[in-house]
Number of protein chains: 2
Amino acid sequence: MAATRILLSESELPRAWYNIQADLPKSAPPPLHPATKKPIGPADLAPLFPMELIKQEVSRDRFIDIPEEVLDIYRLWRPTPLQRAYRLERLLKTPARIYYKNESVSPTGSHKPNTAVAQAFYNKQEGVRRLVTETGAGQWGSALSFACSCFGLDCTVYMVRVSFEQKPYRRVLMETYGATVHASPTDLTDAGKTIRAIDPQSPGSLGIAISEAVEDAARHDDTKYALGSVLNHVLLHQTITGLEAKKQFEMIGEYPDVLIGCVGGGSNFSGFVFPFVPDKLDGKRKPRLVAVEPEACPSLTKGLYRYDFGDTIGSTPLIKMHTLGHSFIPAPIHAGGLRYHGAAPLLCLLHDEKLIDAIAYSQNPVFEAAMQFAATEGIIPAPESAHAIRAAIDEAIRCRETGEPKVIAFLLSGHGHFDMAAYEQYLAGKLEDSAFPADRLSQIEADLPKVE
Amino acid sequence: MAATRILLSESELPRAWYNIQADLPKSAPPPLHPATKKPIGPADLAPLFPMELIKQEVSRDRFIDIPEEVLDIYRLWRPTPLQRAYRLERLLKTPARIYYKNESVSPTGSHKPNTAVAQAFYNKQEGVRRLVTETGAGQWGSALSFACSCFGLDCTVYMVRVSFEQKPYRRVLMETYGATVHASPTDLTDAGKTIRAIDPQSPGSLGIAISEAVEDAARHDDTKYALGSVLNHVLLHQTITGLEAKKQFEMIGEYPDVLIGCVGGGSNFSGFVFPFVPDKLDGKRKPRLVAVEPEACPSLTKGLYRYDFGDTIGSTPLIKMHTLGHSFIPAPIHAGGLRYHGAAPLLCLLHDEKLIDAIAYSQNPVFEAAMQFAATEGIIPAPESAHAIRAAIDEAIRCRETGEPKVIAFLLSGHGHFDMAAYEQYLAGKLEDSAFPADRLSQIEADLPKVE
């Protein structure tokens, strides 16, 4: 029997990220300035991001070298294992071979440090003293806190107040890495004060937290802003997972027929599948690439491919993406990391070009899959990651019916150690399946900013 | 620079556990029946344990084969990495080389599944349908729940009520693996009813939970009991960590000058260091073996080496060990896994023979070490494991002073993802350093059962 875990040695750790902008079937539409609606340039982004990340955002180089200092941190947990889910296969009685790339082994338990470490490094190199960000469920805030601790940067996290109160241990995790965590909205920014003047008890939202973080960064010369998904440079850094997985499949003489990942902003999915896209473009291989989203927030499966704001309140550049409208507030499902009204523009372009498929699931079948995974593979998956597991299991069940011995690969984006309240609700039969509101589809159009 | 993580391939996973009973400088004193004070035999243990484990308890075979079914489960996460703590070394400016065996990567986040999986397997093989155990902090209960789910066994966990209420997520973790968890004392056993009749609000204790679990197992023909530390067969199964570490050190041409682990019952420490004891006995090498315990419960550093009960209420066989007296209730430190009045008899024998050293630390310096480890290596350690980190850091600081480039190795027994309340208290400056009560030493003698 072949190995359960396919491991790469440290010397096989990829030395460069893969930049899909070198291989796109057509150019990505540029981001537009929110006021002028004209394409934005590097100068517009300079107050928020270091120049190296701005360059990566628009680079057409196929590979971008990973700095040695970043590799040094990656080596704490990378390369990550590609694992064969033998026990899950047996449970499902499937002829399919199921593999998962296990990103739950990182220090903060998800794929997020892959970009957090890179972003912290480039900021440090350009003299930045402090990074500011927002966090909802807490995975991104934890990853950036860890990354800042690696390079001696201060870190300030605006955490959505309702999460701050409901998930105190995520906050403590960030503080253990030395970060300062504020319950957003705060009285520290104009954005926060404005909201609190209207509603002193505001539970906050990711949109408000973004506004606070951006304002904080823009106001302080020694401070910049960091984002955990959506942007091109974030997806670039996440390709480390797909590049490793490709090597691992080569080692064992396999090639995936289907690659699966969950999509919120889209960074874990894109990082996993983008390195396989060139094979598909040149016709050498035909892997299906399947993005999985929650039915409560089906940006790819139901959204319009249009220019929209990246945030809720409409202060960011306009990006062309599949969107449910920036004012859409999804139901409070437990997979908080998937509650985003849009998705990464590079991912959306490839979806629009029919190179990437998308499907949506509701919560209960997703947690059912999570339980099967925990019982067979031992790992308690994050609710977000469980969406990918659900899709992989359904594919394996189809294989049982057709007899096809397909190779199915999914990205396990993180563990659920800080999400046990969700499992508690599921076990108690109290989890609600929130569908996408039927009347919302017709309202998206009116919600979009006018472009030309 | 040499690798950060020294990885073994799956084919290098050890195929047999190491049994130190083959190499002891003198025979281990036998356990005695609590009533007759005569050595107990297999028949005394048969109601509680399957015959294969009873055989392992007294075996003198140097190596005991690991069943293929157990190896199949081990392969989900084993071999575990031996990691070089480069970043911690740099922080400490030490010439020492610090390595840690990372057991936090197991499904439930600690070394406990190493024995839980083996115990569940042997019980399954002998027709047992259900396993019962007790848990305090929850690490052991989680591991046995996982192991039972692997082999289709039912699992019942008596969880100390105060932990049941304060650590709901540990309970949910066990339930996610399919276990039934009761807050102990319950009304399901005579032991529980007796306690509740006296104190309906009893917060419970590990001693009470043990009594309940043992009673439950003894009463049901299809049910046996499982223990997570202390017993010889538990230490045997844990040697997988030390055997792997030995191979890993050989791979890189190093040999540890010091091996360090935390001690509660003693299983993680013993499993790590026992495979190195033969080298010490035959004089080939002279590694220092350092057991680290909390000052609040210093069994090895301050206890008497005498026969005592294994549990609090005096119902188990008598074992010869370093003990603080079975009625001693340690202060409620956060390292709940280290609050045991005694320690494993095999470990105590070697300590009495001066082959193993012991030291004790109080909570605040331990958490200070945990913070340094998190900041440099990224992993949030369990409070128990942080005791070993403290000792390793102190050894490295001594090396800085003397200039010795020692090789320091410690076992990271688990992560602290379910212990963030402890970090919260530490960060808030609210952690108390509980010393061992000054008057307790003189009371141990009176607490011990009379033998001959």
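Predicted model: local features only at pLDDT ≥ 70, side-chain atom pairs only at ≥ 80, totals over all residues.

Q: Okay, which residues touch the most other members in the largest nonpolar core?
A: Those are A:W17, A:Y74, A:V117, B:I260 and B:F410, out of 76 residues in that core. Another core, of 75 residues, lies apart from it, and its members include A:A374, B:W77 and B:M174.

Q: Why would residues like that gather together?
A: In soluble globular proteins, nonpolar side chains tend to be buried together.

Q: New topic: how does chain B lie on chain A?
A: Turn it by 180° with a shift of 0.0 Å along the axis, and chain B lands on chain A with an RMSD of 0.0 Å. That's the relation of a two-fold axis. Both copies use the same surface, too: 100% of the contact residues of chain B recur in chain A.

Q: Let's zoom in. Is A:T156 buried or exposed?
A: Buried, because its relative accessibility is 6% and the cut-off for buried is under 20%. A:T156 lies in strand β7 of chain A, residues 154-160.

Q: And what does its side chain make a polar contact with?
A: The side chain of A:R130, at 2.8 Å. Leaving aside neighbours within four places in sequence, the contacts of A:T156 include A:L131, A:H182 and A:D216.

Q: What about chain B, what's the strand order in the open sheet of four strands?
A: It goes β8-β7-β6-β9, with parallel pairing. β8 and β9 of chain B stand at the edges with a single partner strand each, so one side of each has no neighbour in the sheet. On average, neighbouring strands here are turned by 25° against each other, direction ignored.

Q: Which helix packs on that sheet?
A: Helix α8 of chain B, residues 168-176, which touches β6, β7 and β8 of chain B. Its direction makes about 170° with that of β7(B).

Q: Last one: why is strand β5 of chain B largely enclosed?
A: Because five of its six residues are buried. β5(B) pairs with β15 of chain B in the parallel sense over six bridges, with B:I98 and B:I408 as bridge partners. Strand β4 of chain B, on the other hand, runs antiparallel to β5(B) and is joined to it by three bridges. There, B:Q83 stands opposite B:Y100.

How values were computed. Residues numbered from 1 in each chain as written. Chains lettered and ligands numbered in written order. Heavy atoms only, no water. Core = buried A, V, L, I, M, F, W, Y, C linked by side-chain atoms within 4.5 Å. Buried < 20%, exposed > 50% of the residue type's maximum accessible area, 1.4 Å probe, protein only. Helix = DSSP H or I, 4+ residues; strand = E, 2+ residues; numbered from the N terminus. Polar contact = N/O pair within 3.5 Å; in protein donor to acceptor, adjacent residues only side chain to side chain. Contact = heavy atoms within 4.5 Å. Least-squares fit on C-alpha atoms with pLDDT ≥ 70 in both. Pairing = 2+ DSSP bridges. Axes fitted to C-alpha atoms, helices over the stretch in contact; angles between N-to-C directions.
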